[in-house]
Amino acid sequence: MTTLQSPSSSPPANRSDAPAAGTRGFWPIRDLPVVGWLLAAVGVALVHQWVPEPRWLLLHLLLLGAAGHAILVWSRYFADTLLRGPATPRREQSIRLATFDLGAVAVTIGVALDGWLLVLAGAVAVALAVMWHLASLAQGLRGRFRSRFAPTVHYYLAAGALLPVGATLGVWLARGLTDPLDARVRIAHAGINVLGWVGLTVLGTLVTLWPTMLRTRLAEGAEKASRAALPVLVAGIALVAAAAWADQPRVVAAGLVTYLAGVLVLARPMVDAARVKPPGSFPTWSVGAGVLWLAAMLAWVSVRVAFGGTWGDVSAALHDAAPFLAAGFVAQVLLGALSYLVPVVLGGGPASVRAANRALDSAGALRVALANVGLLWCLLPVPSVVRVVASVLVLGALASFVPLLLLAVRSRHRGTPASAAAERPRGQNTGLAAVGVALAVLAVAVGGAVDPAALGRASSADAGVAPTGRTVEVDVVAGEMRFTPDRVEVAAGDRLVITLRNESAGDVHDLVLETGADTGRIAPGEEAVLDVGVVGRDLDGWCSVVGHRQMGMTFAVEVVGGEPGAPGESVAGDTVEPAGHEDHGHDASGAPISSAGDPGPDFAAYDPVLPPLAPERVHRHTFRITEQQAEVAPGVTQEVWTFNGTAPGPVLRGRVGDRFVITLVNDGTMGHSIDFHAGVRAPDDVMRTIPPGESLTYRFTATRAGVWMYHCSTMPMTAHIANGLFGAVVIEPPGLPPVDREYVLVQSEQYHGADGAVADLDKVAAEEPDAVVFNGYPDQYAHEPLRARTGERVRIWVLDAGPSRASSFHVVGGQFDTVFDEGAWQLGSRSGPARDGGAQVLPLLPAQGGFVELVLDEPGDYPFVSHVMVDAERGARGVLQVRH
């Protein structure tokens with residue numbers, strides 16, 4: 001077999017007798033599964049829109065399948081060669097590779113189908129194959145510790161020891177975890193597998209392979225750097241895993257910086273070698289670019305994690321960096337190394353090797369340029385169409401290795417004169433690189449042709465108006481799927497400058513105007529300045545993140561006639577209000593602004609705690625009906641009608657058999673009434689409408705258990721309920737056991753009218769609510785969560801007051817072991833919760849009610865919603881905060 005061509009002072013990357021007799025041509029055959037894994041990854045990339053979780057599937061195909069198989073093949077090959085030990089038996093290696101590949105297939109399918117048992121079986125097979133591989137490496141190292149190349153095998157041993165740990169974490173992830181535990185385990189899984197199994201193997205190999213590929217000597221100090229870097233790299237991986245274990249997200253950044261330091265220690269001799277013999281072929285360019293992407297991603301993620309400081313920031317950074325680590329680092333190093341090694345191992349004489357080299361080096365500069373400039377476009381905040389085109393270029397550049405590999409095999413068998421395989425002139429390589437850059441830049445032009453507004457080439461904002469010289473500066477807050485304010489007024493000819501600040505908990509946002517002006521994506525806590533320029537016409541804007549515009553993240557710039565002002569005057573402020581509607585949250589037409597946002601520091605949520613059960617069996621209350629102005633949502637003031645000043649009205653509580661005496665007083669300006677579903681009464685007298693200033697007494701006995709609605713029954717009843725005249729009566733089932741916490745949630749709808757007016761009856765008739773809420777205010781329990789401790793039993797009474805929308809009450813991350821719905825036990829009973837069965841929702845039609853119970857053993861923030869998800873997004877949501 002032909003040896004690797006290396007100078008006498010370079011590492012003996014191969015010997016004339018390695019692999020041993022009987023293995024001739026066998027090593028390249030073992031690389032065929034790598035081609036299969038790559039083809040599968042290309043296929044998933046092409047049909048990703050029909051594949052569940054395509055990002056994670058692609059990562060497993062590339063990192064576990066292609067890279068893992070190549071690691072088993074080539075680390076064994078290099079260990080045999082560098083240590084001058086006996087060649088690995090063919091049968092042993094074949095069984096080990098088959099076990100690994102079958103396990104990797106099972107893991108990949110399990111990830112795609114969300115089958116954790118399949119993931120478990122596959123992970124066991126992968127771990128067994130790698131531990132076998134590890135034992136074989138350790139045995140080959142016995143008696144050869146003093147070899148100058150033994151440190152490379154130490155990298156392989158460290159990498160192999162880490163993979164079973166990473167596989168175990170992967171199984172845990174597949175089993176299903178809740179945030180932030182999912183983010184903690186995911187970062188440990190990625191750190192151990194990508195930085196450990198893949199990273200250590202790659203970096204250890206490049207110590208000797210890099211100068212061999214350059215056909216130069218080992219740089220001075222390379223072996224010393226190799227020995228010094230390994231403990232630093234392992235310490236970085238250990239810090240990342242320890243940070244996840246100790247729940248310290250910022251320590252992740254320290255671990256990544258430590259690992260980066262180890263990479264830089266190894267990079268110095270690589271740079272020295274490249275100075276002696278600069279890279280001049282696809283293998284060296286590709287491998288060098290891959291190492292640069294590794295360093296860049298480590299630095300980028302470290303900064304994001306250090307400044308973010310939460311597991312959400314860690315998870316987002318990992319999610320964003322994963323494709324660039326996979327394509328930029330792993331894929332480029334893998335393809336570059338194989339492009340160099342396969343021709344050498346194929347052998348066949350110098351002419352055949354050079355022919356195969358030439359085939360695999362075809363258009364090398366072009367391919368490397370396309371891949372790396374395309375990746376840069378994907379990393380930058382470019383329009384989505386540009387990112388798609390750039391991704392196709394990257395995919396094409398990387399996938400071209402497969403046909404070129406087949407061409408190399410064919411060239412090797414046909415043979416080629418050495419003169420024909422001469423190295424391409426450097427000038428020609430430079431020209432091909434320039435073509436690659438030009439094609440990548442063309443992606444922007446293609447994207448712009450498809451979506452010109454995304455590139456700012458739509459019609460201008462000034463519409464030909466003469467500039468006034470004035471500048472209007474506006475602060476806009478993005479959060480809770482709304483812009484605040486969501487409109488501004490400017491005089492025709494004024495220059496508009498918008499400062500957008502992202503105050504959401506975890507989402508990125510941007511502001512895109514129809515002209516194409518764009519802030520770019522900004523992370524939570526960050527801000528960006530958008531200089532719109534001179535404005536001469538009305539402009540529409542929105543958040544371009546998928547789904548955010550549909551959820552209400554829209555913005556409007558409205559041009560008015562302008563007011564006198566000195567040229568150059570700057571008008572600055574937090575908001576710009578329309579004339580005649582200051583601070584009322586409505587636009588110039590009287591239409592209400594969105595109801596979401598921060599309610600402000602003085603906001604007090606409706607008390608959701610179920611009031612205590614009074615010992616007396618006769619409950620006397622006075623209900624006064626008022627008509628008053630109230631803020632029903634952030635920035636939205638309406639006239640509401642209330643029982644005792646709140647909407648919903650007071651929660652009443654009693655037992656079966658209790659008697660209620662309610663005195664209703666109408667302090668409003670129109671006729672009102674009351675209807676208690678908790679009692680059985682003829683409507684004629686007690687439910688009659690009484691005029692302003694009058695009163696009536698409503699008596700009833702609670703004969704059946706449940707959570708019952710009461711409301712004004714004056715027609716049109718939808719208007720009176722929609723304006724706030726409703727509430728709940730809780731009648732406990734006999735023998736109901738006590739619990740640690742009890743809450744009451746009343747779902748209702750809001751139909752916002754003009755500023756300070758009553759509900760919009762046209763919206764009520766059309767069933768087009770502006771908000772769906774619990775206890776009268778959208779998202780209020782996201783700002784002031786319900787609270788519980790781990791292990792406590794929590795009972796939540798839920799009533800759907802309507803007037804029109806159904807509810808499907810759900811606690812995200814929880815399961816109900818007790819469900820009482822409309823007077824009947826659906827799950828569990830008064831004697832205790834269900835042992836085996838569970839429920840995920842409490843479904844309710846308007847005027848229906850019940851309660852659910854659950855116990856949460858893990859601390860965290862558990863959102864609760866109406867699982868009619870459009871209503872959850874309108875405000876029917878909150879948080880149950882569970883702490884130790």
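Biologist: What are the ground rules for numbering and confidence?
Modeller: Residues are numbered from 1 along each chain as its sequence is written, and side-chain values use heavy atoms, without hydrogens and water. In this predicted model, local features need pLDDT of at least 70, side-chain atom pairs count only at pLDDT 80 or more, and totals for chains, interfaces and linings use all residues.

Biologist: How many salt bridges does a search of the whole structure find?
Modeller: Side chains of opposite charge can pair when their charged atoms come close. A salt bridge here is a side-chain nitrogen of Lys or Arg within 4 Å of a carboxyl oxygen of Asp or Glu. Searching the whole structure gives a total of 26.

Biologist: How many residues apart in sequence are the parts tied together by Asp 247 and Arg 184?
Modeller: The two side chains form a salt bridge at 4.0 Å, N to O. Asp 247 sits in the loop between α8 (222-246) and α9 (249-276), Arg 184 in helix α7 (residues 181-214), so the pair joins parts separated in sequence by 63 residues.

Biologist: Is Asp 658 buried or exposed?
Modeller: Asp 658 makes a salt bridge with Arg 617 at 2.2 Å, N to O. Asp 658 lies in the loop between β12 (652-655) and β13 (659-666) and Arg 617 in the loop between β9 (570-573) and β10 (618-633), so parts 41 residues apart in sequence are tied together. Arg 617 is partly exposed, at 42%. With a relative accessible area of 0%, Asp 658 is buried.

Biologist: How many of the 16 residues of α13 are buried?
Modeller: Helix α13 covers residues 364-379. From first C-alpha to last, α13 reaches 23 Å, close to the expected 22 Å, which is 1.5 Å times one less than the number of residues. The rest of the structure largely encloses α13, because the buried count is 13.

Biologist: What accessible area do Leu 117, Leu 120, Val 124, Leu 128 and Met 131 have together?
Modeller: These residues form a nonpolar surface patch. Patch members have over 30% relative accessible area and no salt bridge; like charges are joined within 9 Å, nonpolar side chains (Val, Leu, Ile, Met, Phe, Trp, Tyr) within 5 Å. Leu 117, in helix α5 (residues 116-141), is exposed at 56% relative accessibility.

Biologist: Where is Arg 681 found?
Modeller: Arg 681 forms a positive surface patch with Arg 620, Arg 659 and Arg 699. Arg 681 is partly exposed, at 36% relative accessibility. Its place is the loop between β14 (675-676) and α17 (683-686).

Methods:
Areas by Shrake-Rupley, 256 points an atom, 1.4 Å probe, with all protein chains shown as cover. Lys, Arg positive; Asp, Glu negative; His and termini not counted. Charge placed at Lys NZ, Arg CZ, Asp CG, Glu CD. Helix = DSSP H or I, 4+ residues; strand = E, 2+ residues; numbered from the N terminus. Buried < 20%, exposed > 50% of the residue type's maximum accessible area, 1.4 Å probe, protein only.
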